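Thanks, everyone. Let's get the model up on the screen.

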Amino acid sequence: MIHKIARFTVRPEKVDVCIAAIAAFIAAIREHEQDTIVYDSYQEPDGVSFFHMMSFRDTAAEALHRETPHVKKFVATLYPNCASEPTFTNL
């Protein structure tokens, strides 16, 4: 199994846009990615920082995840609204 954390900080004026994008993104993952075992989002107390915890069954599931239309849509919405690009940590 593959476990990762993504961390990012959004611009304060874009928090609502990003929260809506996160909700739609996670719904799409749960509907379309049976081998993504866990994908959860947490908003930190500062209100603008988030971390995502994800677990994939294997490297094929992770590769499939990265190529889905919902990942591309989420990245297109999230990245321009971040203070800096998200960072990913392998666990």
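First, the ground rules. This is a predicted model, where local features need pLDDT of at least 70, side-chain atom pairs count only at pLDDT 80 or more, and totals for chains, interfaces and linings use all residues. Residues are numbered from 1 along each chain as its sequence is written, and side-chain values use heavy atoms, with hydrogens and water left out.

Now helix 1. Helices here are DSSP runs of H or I, at least four residues, and strands are runs of E, at least two, numbered from the N terminus. Helix 1 covers residues 15-32, 18 residues in total. At 1.5 Å a residue, times one less than the number of residues, helix 1 should span 26 Å, and its end C-alpha atoms are 26 Å apart, which agrees.

What is buried in helix 1? V15, C18, A21, I22, F25, I26, A28 and I29. Buried means under 20% relative accessible area, exposed over 50%, with a 1.4 Å probe and protein chains only. Down the axis, the buried residues fall within an arc of 160°, so they line one face of helix 1. That arc is taken from the directions from the helix axis to the C-beta atoms.

What do they pack against? Strand 1 (2-9), strand 2 (36-43), strand 3 (49-56), helix 2 (59-66) and helix 3 (69-78). Contact is heavy atoms within 4.5 Å.

The face turned away carries exposed D16, R30 and E31. D16 has a relative accessible area of 65%. D16 and V48 are 32 residues apart in sequence, and 9.9 Å apart C-alpha to C-alpha.

Last, M1. M1 sits in the segment before strand 1. M1 is exposed, at 61% relative accessible area.
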